[in-house]
Amino acid sequence: MSIGPKETTEAIALYTRSLDCVHCGLCLPTCPTYRETGRESSSPRGRIYLARGVAEGKLALSDAVAEEMYLCLGCRACETACPSGVRFGSLLEQMRAEVERVGLRRGPAKRIESFLLRHVVPHPRRLRAAISVVRAIQAVRLDALALRLAPAGLRERIALAPRVPHARDRAPLPRLVRAHGERRGRVGFFVGCIMPELFGDVNHATVRVLARNGFDVVVAEGQGCCGALHAHAGDRETAKRLAARNVAAFAAAGVDVVISNAAGCGAALREVGEWLPATGDVLARRVRDVSEFLDAEGLRPPPTPFPRRVCYDDPCHLLHGQQVEAAPRRLLRQIPGLVLVAHDDAAACCGAAGIYNLTHPEMSRAVLARKMRSLASADPDVIATGNPGCMMQLRAGVVEHGLRAEVLHPVTLMDRAYGGGRSVGEPPYL
Amino acid sequence: MTTPARARLLDALRAAVGADALLCRAEELFVYECDGLTHHAARPFAVVLPRTSDEVVEIVRACAKAGVPFVPRGAGTGLSGGAVALADGVVIECARMNRVLEIDPVDRVAVVQPGVVNADLSKVAAPHGLHFAPDPSSQLACTIGGNVAENSGGPHTLKYGSTTAHVLALELVLADGDRVRIGSRAGGEPGYDLVGAVVGGEGTLGVVTEATLRLTPLPEAVETLLGIFPDVVSACHAVGAVIRSGLVPAALEIVDRRTIEAVEASVYAAGLPLDAGAVLIAELDGPAVALPRQVERVRALCARAGATRIEVARDADERQRFWKARKGAFGAMGRLAPDLYVHDAVVPRSKLPEVLAEICAIGDRHGLRLSNVFHAGDGNLHPNISFDRRDADEMARVLAAGTEILELCVRAGGVISGEHGIGTEKQDFMPLLFSPDDLGAMRRLRDAFDPDHRSNPGKIFPTTRACVESNPKARGYERVSFDA
Ligand SMILES: Cc1cc2nc3c(=O)[nH]c(=O)nc-3n(C[C@H](O)[C@H](O)[C@H](O)COP(=O)(O)OP(=O)(O)OC[C@H]3O[C@@H](n4cnc5c(N)ncnc54)[C@H](O)[C@@H]3O)c2cc1C
Ligand code: SF4
Ligand code: SF4
């Protein structure tokens, strides 16, 4: 795809992005795949150089180039480190789209991935049905049997699979939840696709915490998957389609703020302006992570002590994707009795990276192991992180590395500190 | 090399380090074609990533047997083309040799493998109240091996000295595969100062496989001032005044307006004043009782030199931000153009104002976007030129301006590199500074270590097509008159 006048604007944008890199190398030490391998081609600077080489026609878009683009976790730690302002996330997505376009990625992992991403994830009913099947399997402990019978490689993947929560937690959210106490405002809530199925409890907790802080919460009708997984996998078209649906849904809901509690979704929603230049900007500018929002508005501190030793672990798509670093820490510190302990590797990727832990189990586990060592020495009661993928990965890590910690979303911690769902007992929700 | 010979060498390398640590696919090699100096590129024959010095010995032996050169490499942040493999050579990438082997807080010594990242060493030493003093702006990424090879400095070199002042002993694998230890942990070395030769040797004397380094106590207190000046020249006058006053600041750095604009637009924005023509960052460290008076003196001297405002970092966080901004400056210039040529030269401090004025004039004359961010206290200049290497005309003007800048610095009694080394970038400027006899003496030293020129060949010494005429009397540093 060497760049000539006839190229698409996307290819030219990709090329232009690669030129932002002055090759200073300051991003190298932040890159998990470089830290593991020491290979320039597995570093941000190397990947950009490959992209530029391809764009300039010096390199073919070969399997080796494609491999590096998929070995990348997409964590965007390199963006936070880059003084030159390289937008690595978009560069990566465009490179992956290019890889998909020329059909370089094949094999069963690719087929499963595209089936799930195209035909299941975007459709709430199909996703729900699929998840119910998994729940049924887990209920009768068939998964434990599978775990014993499966070959080694597959066994790790099954162990990673999260427990599907009880139907109570998967119950749909009400359309509107009224503010508790003095009303401070009205916000929209982004539900997500996987969240209600696997982390419905977090969604319920988020809505409760927002309501307790004085906000009416509108669960806009017609919203759906944010498209992040599709964009990361190089399927920009599906991503755009999904984004358009969300733009319409939140416009119709008439809210000025859209709250997300999943870092990956929040980061993607903030990029919708780039995917849909004409219409996406309005939604993109309204998106706030729940921690960022509560921090800015001022938390109503929970009244009773909730003594826990907590390590906060930054989700990449919150830290690097949305530059939210201090807010969740400040919120947690306001919980009486809670002790926040720093740990060395908090800012590094955990290796979950969407479905990376399924497509690249070896690298994913190596990256995770580094973080678990750092967490083990801090020895917390709770590891708090605000992204479903990271929660699953860290839960698997806790089991594998024998930690005693519970992995929770920060908002769940706050919700519990407030007394959770039932204790307040105010029908129908709080 | 014939195809079977290539295959044999690859087999030998694979046997030395394992298949996982040998890179030979075209795409993998492509990314090793340059370091931080992007317009000097050459692709290696292969890249190996050893973990131990035993593996390095095996690699070097295999290269010797095949008659193929090798190049040690750290993080590839070098700015003079040093880590680029010429002549189809093998890159020995030290990134996996990244273990800190020992920290001894009583001897104040660290023993490390060469791939340890500079900033990581200081982090490991910090709980002992110690740090590794050389702090190049690239310290978050660059390695000890690279620091040793380039004799790297940094803002705090003004007070603490460059890398050479902090290396006690080295383990070195010579081009024939012999492993030698030079220097001593106790400091001082009977006989020739071979450590002194290898530090700054740019990888031409062998591969450093272990370094015993001096650690320095962290200062009790630190104060950082920002002097805000209308232009670079007045900031330079302030530097002269501070040094003349007898103070020994930890750092004196100047950042000009163009650089401030780029940094403040980047992730390293620190609130540097956008209305300043230049900012002087002055850092003082030492016993807490002594600092307030020193701060006042620097403040007064800056004001007298024409500072419009002086700010003092409120706390450690703000100080950190200033330094991050200073150190992110090079990368931030990438916002202006795809490429950046970071020049590096030294002039006597007393000449700073005139030389800076003339450098800016050179940039203007060639119609280039030139900015300055530099270790002013050491007279170590970094005129940076933003450009686009795809524009042949601009590239030619960049090179012409670079030549004029180096000639200017030599005329002013300076040298052609302060800390980035010669590499391939400046080899042809060596005759500006050294006579053929001077260069001959250096060559004989190199021959003594590596008679067949297999360790990083093609660097430092002028090519035969040297663009600068060799001048037997061209010992720039002996000239005192300044006639620019
Ligand atoms: C943003 C930026 C800022 C910089 N700021 C400064 C600064 O303030 N001060 C400064 O002095 N430099 C600075 N530099 C230049 C550069 O970072 C230094 O020269 C650094 O020491 C290079 O380290 P590296 O690990 O990247 O080495 P590389 O670039 O990989 O190699 C540099 C040289 O060292 C040799 N080498 C590497 N490892 C070994 C080894 N084990 N044995 C023998 N030789 C070896 C190589 O052959 C090569 O000649 C800067 C560079 C950048 C990009
Ligand atoms: S996104 Fe993460 S894994 Fe990918 S290059 Fe950047 S830092 Fe490395
Ligand atoms: S930090 Fe930015 S400019 Fe520097 S090498 Fe990495 S991507 Fe390129």
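Author: A residue counts as near a molecule or strand when one of its heavy atoms lies within 4 Å of it. The model is predicted: local features need pLDDT of at least 70 and side-chain atom pairs count only at pLDDT 80 or more, while totals for chains, interfaces and linings use all residues. Residues are numbered from 1 along each chain as its sequence is written, chains are lettered from A and ligands numbered from 1 in the order in which they are written, and side-chain values use heavy atoms, with hydrogens and water left out.

Around ligand 2 stand A:C31, A:P32, A:P44, A:R47, A:C72, A:L73, A:G74, A:C75, A:R76, A:A77, A:C78 and A:F88. By class this shell holds nine nonpolar, one polar and two charged residues. Here Ala, Val, Leu, Ile, Met, Phe, Trp, Tyr, Cys and Pro are nonpolar, Asp, Glu, Lys and Arg are charged, and the others, Gly among them, are polar. Two helices of chain A, α3 (44–55) and α5 (77–81), each give at least two residues to the shell. Helices (H or I, at least four residues) and strands (E, at least two) are DSSP runs, numbered from the N terminus.

Chain A also meets chain B. With contact taken as heavy atoms within 4.5 Å, 41 residues of chain B touch 37 residues of chain A. The two chains bury about 3,000 Å² between them, 57% of it on carbon and sulfur atoms; buried area is the accessible area (1.4 Å probe) that two parts lose on being put together, summed over both. On the chain B side, B:E27, B:F30 and B:V31 lose the most area to chain A, together 20% of what that side buries.

Two salt bridges cross this interface, a salt bridge being a side-chain nitrogen of Lys or Arg within 4 Å of a carboxyl oxygen of Asp or Glu. A salt bridge joins B:R73 to A:E40, N to O at 3.1 Å. The chain B side that touches chain A draws two or more residues from each of α2 (26–30), α12 (329–332) and β16 (339–342) of chain B. That side has 17 nonpolar, 11 polar and 13 charged residues.

Over all chains, the whole structure has 54 salt bridges. One of them pairs B:R326 with B:E253 at 2.7 Å, N to O. B:R326 sits in helix α11 (residues 316–327) and B:E253 in strand β13 (residues 251–256), 73 residues apart in chain B. Both residues are buried, where buried means under 20% relative accessible area, exposed over 50%, and partly exposed in between (1.4 Å probe, protein chains only).

A further pair is B:R369 and B:E394, whose closest N and O atoms are 3.6 Å apart. B:R369 belongs to strand β18 (residues 369–374) and B:E394 to helix α14 (residues 392–411) of chain B, so the bridge ties together parts 25 residues apart in sequence. B:R369 is partly exposed at 32% relative accessible area, whereas B:E394 is buried at 9%.

B:D388 and B:R390 also form a salt bridge, with the closest N and O atoms 2.7 Å apart. B:D388 counts as buried because its relative accessibility is 15%, while B:R390 is partly exposed at 42%. Back at the two chains, salt bridges with shared partners join A:E40, A:R45, B:R73 and B:E93 into one network.
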